[in-house]
Amino acid sequence: MGESEDLFSRKSKEERRLGEPTAAFKGAAWGALLIGVSAYSDGSQID
């Protein structure tokens with residue numbers, strides 16, 4: 001049990017580099033891109 005506790009505590013203390021986007025920001029950016037592309041392709045077919 002001691003080893004698994006070390007793995008979890010080490011992972012939670014992992015520091016991110018300055019200026020690197022967080023996982024939440026990356027997910028939001030991909031979601032916005034997907035919505036934008038689908039909306040564009042939907043709108044371009046209407047004449």
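Which residues form a nonpolar patch on the surface? The residues are Trp30, Leu33 and Val37, and together they have about 360 Å² of accessible area. This is a predicted model.

**Overall make-up**

The protein has 47 residues, and 0% of them count as buried. Its secondary structure consists of 2 helices, with 0 strands.

Trp30, one of the patch residues, lies in helix 2, which covers residues 23–44. Trp30 counts as exposed because its relative accessibility is 62%, and the cut-off for exposed is over 50%.

**The salt bridge**

The count of salt bridges in the model is 1. Glu20 pairs with Arg17, and their closest N and O atoms are 3.9 Å apart. As for the two partners, Arg17 counts as exposed because its relative accessibility is 63%. Glu20, at 28%, counts as partly exposed, because that class lies between the limits of 20% for buried and 50% for exposed.

| Residue | Relative accessibility | Class |
|---|---|---|
| Arg17 | 63% | exposed |
| Glu20 | 28% | partly exposed |
| Trp30 | 62% | exposed |

Definitions and conventions. Residues numbered from 1 in each chain as written. Predicted model: local features only at pLDDT ≥ 70, side-chain atom pairs only at ≥ 80, totals over all residues. Heavy atoms only, no water. Patch = residues over 30% accessible without salt bridge, like charges linked within 9 Å, V, L, I, M, F, W, Y side chains within 5 Å. Areas by Shrake-Rupley, 256 points an atom, 1.4 Å probe, with all protein chains shown as cover. Salt bridge = Lys/Arg side-chain N within 4 Å of Asp/Glu carboxyl O. Helix = DSSP H or I, 4+ residues; strand = E, 2+ residues; numbered from the N terminus. Buried < 20%, exposed > 50% of the residue type's maximum accessible area, 1.4 Å probe, protein only.
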